[in-house]
Amino acid sequence: MIRHLVMLLLGLPLWAVASEPADLSPQAEYTLQARVLLHDDAGARQILRDRGEGYEPAFALEWQLLVDDVPAALSQQGAAAPSSAATRAFVQALALRLPRVNCAAEAFVPLGSPEFGLYRLVCQHPDVEPLRQEYLALRAAPETGRQARIDALFLRWAATLRDAPDAPHCSRVTGWYQARHAFAHAERVHQLYQTILWRLLPVELWLGEPLLPQADELCDDG
């Protein structure tokens, strides 16, 4: 009782009296770890650190390595490859957008074990899906004038990445609850990396070579 009174006199909330922090929900734990992995968020790091050993990922995702590989990937698009100038504009826009993408986990459903289950991963970023049909059409278009149209498409794509508002995109991912070891954190990195990259640069998906178990979908409540 005296301790409660002292805390109130100091202007501190009563939840600070607790000697041990409450357990995080599966979705809260995933979301906090995603904030660390995507943005090296200091506040999220501290919350996880306060929970105990293993909660906090040791590193953040390094987007620059991915950005450096994009020009080579685009050059392999054959008839639909953008020019050097359009590629530079696209890569610059992608480099600006990637650090701004936020992801949060929702609706954890255990799969045979309370420690492993299915998450609804919601990532906020622009919707590039309206560009799909034009991209596919350009791959089969006559050569005359095609390069200019491809470059115009990639410049619009770059403008979308740079300036378009975020929309919530949902994916289903599996993972461990109480992910308190390096393997689980590496799995989170892989999921976030794939989900975000293949939503902002979904060429393989558009060509019918899906690298994710399901197609992209805008969240129903978005």
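# Contacts and a pocket in a predicted model

At a relative accessibility of 30%, Glu129 counts as partly exposed.

The model is predicted, so local features need pLDDT of at least 70 and side-chain atom pairs count only at pLDDT 80 or more, while totals for chains, interfaces and linings use all residues. Residues are numbered from 1 along each chain as its sequence is written, and side-chain values use heavy atoms, with hydrogens and water left out.

## Salt bridges

Side chains of opposite charge can pair when their charged atoms come close. Here a salt bridge requires a side-chain nitrogen of Lys or Arg within 4 Å of a carboxyl oxygen of Asp or Glu. How many salt bridges does this rule give? The count is 9.

One of them joins Glu129 to Arg132, with 2.4 Å between the closest N and O atoms. Elsewhere, Asp40, Arg45, Arg49 and Glu56 belong to one network, joined by salt bridges that share partners. Within it, Asp40 and Arg45 form a salt bridge whose closest N and O atoms are 2.7 Å apart.

Another salt bridge is formed by the side chains of Asp166 and Arg97, at 2.9 Å from N to O. This pair links distant parts of the chain, 69 residues apart: Asp166 is in the loop between α7 (146–163) and β3 (167–176), and Arg97 is in helix α5 (residues 84–97). Such elements are DSSP runs numbered from the N terminus: helices are H or I with at least four residues, strands E with at least two.

The table lists the accessibility of the residues in these last two bridges.

| Residue | Relative accessible area | Class |
|---|---|---|
| Asp40 | 41% | partly exposed |
| Arg45 | 12% | buried |
| Asp166 | 38% | partly exposed |
| Arg97 | 1% | buried |

## Aromatic pairs

A pair of aromatic rings is described by the distance of the centres and the angle of the planes. Rings of Phe, Tyr and Trp (its six-membered ring) pair if their centres lie within 6.5 Å; planes under 30 degrees apart are stacked, over 60 edge-to-face, and the rest tilted. The structure holds 11 aromatic pairs.

Phe90 and Phe154 have ring centres 5.5 Å apart and planes at 75°, so this pair is edge-to-face. Phe90 lies in helix α5 and Phe154 in helix α7, so the pair links distant parts of the chain, 64 residues apart. Both Phe90 and Phe154 are buried.

Tyr135 and Trp206 form a tilted pair, with 5.7 Å from centre to centre and 50° between the planes. Since Tyr135 is in helix α6 (residues 132–139) and Trp206 in helix α9, the pair ties together parts 71 residues apart in sequence. Tyr135 is buried at 1% relative accessibility, and Trp206 is buried at 4%. Phe90, Tyr135, Phe154, Trp157 and Trp206 form one aromatic cluster.

## The strands β2 and β3

Strand β2 (residues 116–125) runs antiparallel to β3, and 10 bridges join them. Two strands pair if DSSP finds at least two bridges between them. Which residue of β3 is the bridge partner of Gly117? The partner is Gly175. β3 is mostly covered, with 7 of its 10 residues buried.

## The largest pocket

The largest pocket has a volume of about 200 Å³. A pocket is an open set of points on a 1 Å grid over the protein atoms alone, where a 1.4 Å probe fits, with protein on both sides within 12 Å along at least five of seven lines; lining residues have an atom within 4 Å of a point. Points are joined across faces, edges and corners, and the volume is the space filled by probe spheres set on them.

The lining includes Leu66, Asp69, Val70, Trp198 and Glu204. Helices α4 (63–75), α8 (182–200) and α9 (203–206) are the elements that give two or more residues to this lining. α4 gives the most, with 5 residues. By type, the lining residues divide into 8 nonpolar, 2 polar and 2 charged. Nonpolar covers Ala, Val, Leu, Ile, Met, Phe, Trp, Tyr, Cys and Pro; charged covers Asp, Glu, Lys and Arg; the others, Gly among them, are polar.

## Ser25

Ser25 is in the loop between α1 (2–9) and α2 (26–39). With a relative accessible area of 29%, Ser25 is partly exposed. Ser25 and Glu106 are 81 residues apart in sequence, and their C-alpha atoms are 9.9 Å apart in space.

Technical notes. Buried means under 20% relative accessible area, exposed over 50%, partly exposed in between (1.4 Å probe, protein chains only).
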